[in-house]
Amino acid sequence: WVAIGCDYAEDQRIGEHMLKNMADHYRRLRNTFRYVLGALDGWSEAERVTPAEMPELERWVLHRLSELDAKVRDTAENFELHDCYMDLHNFCAVDLSAFYFDIRKDSLYCDAPKSARRRAVRTVLHEIFTRMTAWLAPVLAFTAEEAWRSRPWTEGDASVHLRTYPATPSSWRDDALAAKWAKLRDLRRVVTGALELARADKKIGASLQAHPVVYLGAAQRALLDGLDLGEIAITSGVTLSDATVPAGAFTLPDVAGISVQVELAEGGKCERCWQVLPEVGAHQDHATLCNRCADAVGEVAA
């Protein structure tokens, strides 16, 4: 309550509503630890990949960790804990839970264990965990200790309170990449807004039943070079179009130049990843799976 909820340069207030908000904040932080620990089950250093081998999304998370590392150290020196721990809470609630975890749960659950993308995700989750446990230990003393002692590897100090803040490489900082992904998150908001409207109209149930058509200009299309918007927006595919925008296409007033028309994805539903794809049913040994899931099942079986 003091660290997260108080500006201790002023008179303090406390009440039932304020403490309820603190409990909600605490649960979000604890749930972040719980999710990351589950996703890191069986982790070993042999899985680790370097930032240069990672997709852009993982390198964006490393950038955010570098920003937070600087903030944590600065606020600790100046005893300005309120802003710091609000930033950590918002990182867990907005950047991780509502964005990064939402996108990458598909890779964690469905990619083959040795796939480069899944290894990159787990490497980043390891970096998140090692830093968040250290950063939050002074405030969430018991929860940080419980999380640290529950880690599925043995390296490191026995207690989180014997640790210091882990060093964060300066090379993780990438302001240009951060600016690019701020624009991509705006683009994603338009797609997810269109999906929500389609869901409310009973056109789709889950977002994976959709294959949206995204109308955009050359500048926005350039942002997506080498990226899969369907993966980012959690759909079974996306078509990018520079054609005339049809009447009734979804837009957001604060994101110019992007319009979205939601169409149904064509094909069968993969019973493992739930994506709707034309290739489902074509695999000889796994008739109910898409190609990726068939390969992953084959790797696990082997």
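Modeller: One term comes first: a crossing is left-handed if the near helix is turned anticlockwise from the far one by less than a right angle, and right-handed if clockwise. This is a predicted model, in which local features need pLDDT of at least 70 and side-chain atom pairs pLDDT 80 or more, while totals for chains, interfaces and linings use all residues. Residues are numbered from 1 along each chain as its sequence is written, and side-chain values use heavy atoms, without hydrogens and water.

Colleague: Which way does helix 2 pass helix 4, left-handed or right-handed?

Modeller: The crossing of helix 2 and helix 4 is left-handed. Helices (H or I, at least four residues) and strands (E, at least two) are DSSP runs, numbered from the N terminus.

Colleague: And which residues make that contact?

Modeller: On the helix 2 side, they are His25, Arg28, Leu29, Thr32, Tyr35, Val36 and Ala39. Helix 4 contributes Met86, Leu88, His89, Cys92, Ala93, Leu96, Phe101, Lys105, Leu108 and Tyr109. Contact here means heavy atoms within 4.5 Å.

Colleague: Stepping back, how many helices and strands does the protein chain have?

Modeller: The protein chain has ten helices and six strands. Its C-alpha atoms fill a box of roughly 60 × 50 × 40 Å along the principal axes. Among the contacts with a separation of 6 or more, 69% are between residues 24 or more positions apart.

Colleague: How much of the protein chain is buried?

Modeller: Buried residues account for 46% of the 302 residues. Buried means under 20% relative accessible area, exposed over 50%, and partly exposed in between (1.4 Å probe, protein chains only).

Colleague: Take helix 6 as an example; which of its residues are buried?

Modeller: In helix 6, residues 141-149, the buried ones are Thr143, Ala144, Glu145, Ala147 and Trp148. Helix 2 and helix 5 are among the elements that cover them.

Colleague: Helix 5 also holds His126. Is His126 buried or exposed?

Modeller: His126 has a relative accessibility of 7%, so it counts as buried. Helix 5 spans residues 116-136. Leaving aside residues up to four places away in sequence, His126 touches Leu40, Trp43, Glu45, Arg48 and Trp153.

Colleague: What about Arg188, buried or exposed?

Modeller: Arg188 is buried as well, because its relative accessibility is 10%. Arg188 sits in helix 7, which covers residues 175-200. Its contacts, again without residues up to four places away, are Ala98, Phe99, Asp102, Ile103, Ile232, Ala233 and Ile234.

Colleague: Turning to the loops, where is Lys202?

Modeller: Lys202 lies in the loop between helix 7 and strand 1, the latter being residues 213-215. Although Lys202 is not a glycine, its phi is positive, at about 65°. With a relative accessible area of 72%, Lys202 is exposed.

Colleague: And what is phi of Trp274?

Modeller: Phi of Trp274 is near 70°, a positive value in a residue other than glycine. Trp274 belongs to the loop between strand 5 (268-269) and strand 6 (276-277). Its relative accessible area is 52%, so Trp274 is exposed.
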